[in-house]
Amino acid sequence: MKHVIVILLLLASHCGFSANQVDSLSSLIQDGKEDSIQLKRLHQLFALLVDEDLEKALVVAQNSLKLAGKLNNFIGLSKSENQVGLVYDYSGDFKNAKLHYDNGLIFAKKAKDSILISQSEMNLGIVQYLENDYDGALDHYYKALKISELSNDTISMSNLYNNIGLVLKELDR
């Protein structure tokens, strides 16, 4: 029983900490000017909201998309497009998720950012997997894996090997 109370207290303090972070970032965003720091804050706020409130997360991601466009920031545009795509992905709207992941990939290529290219390919693969298009998923996963290996991104490599394994299991290979 003692352990349960400690765990509940830890969870409660974590939730309060997260709410404090959301409040702090929201305040900074409201008072900030439209620059790359503001864009970074919007991306951070999205990360805090996406698992808690998809509607608010979508608004934040759309705001970051607008700001990245104003700033002509291809990296910011790629991240923002992927964030919007993630909301649609979580909502089961795979058509819109793919649209935004594709846009994220385009901007990642314009920015020549290999990690963002790999992440966009992986996101597209996940949608293909969820739609039971296993060959399409493998295509995106292998593209992402090649890029991740070249950039020595071991975390993405690990995720991709796992995703490839799940697809191969579905295909009985």
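In the predicted model, helix H1 (2–31), H2 and helix H3 (54–71) each contribute at least two residues to the lining of the second largest pocket. Among these elements, H3 provides the largest share, 5 residues. The volume of the second largest pocket is about 170 Å³. Its lining consists of Ser26, Ile29, Gln30, Glu34, Gln38, Leu42, Leu45, Val60, Asn63, Lys66, Leu67 and Lys70. Sorted by class, the lining of this pocket comprises 5 nonpolar, 4 polar and 3 charged residues.

The largest pocket has a volume of about 320 Å³. It is lined by 15 residues, of which Lys79, Asn82, Leu116, Gln119 and Asn123 are the closest to its centre. Two or more lining residues come from each of helix H2 (36–49), helix H4 (74–90), H6 and helix H8 (154–170). In the largest pocket, the lining divides into 6 nonpolar, 7 polar and 2 charged residues.

Helix H6 spans residues 114–130 and includes Ile115. The relative accessibility of Ile115 is 39%, so this residue counts as partly exposed, the class between buried, under 20%, and exposed, over 50%. Ile115 lies 41 residues from Ser156 along the chain, and the C-alpha atoms of the two residues are separated by 8.7 Å.

Terms used. Residues numbered from 1 in each chain as written. Predicted model: local features only at pLDDT ≥ 70, side-chain atom pairs only at ≥ 80, totals over all residues. Heavy atoms only, no water. Helix = DSSP H or I, 4+ residues; strand = E, 2+ residues; numbered from the N terminus. Buried < 20%, exposed > 50% of the residue type's maximum accessible area, 1.4 Å probe, protein only. 1 Å grid on protein atoms, 1.4 Å probe; cavity = no way out; pocket = protein on both sides within 12 Å on 5 of 7 lines; lining within 4 Å. Points joined across faces, edges and corners; volume = space filled by probe spheres on them. Nonpolar A, V, L, I, M, F, W, Y, C, P; charged D, E, K, R; others polar.
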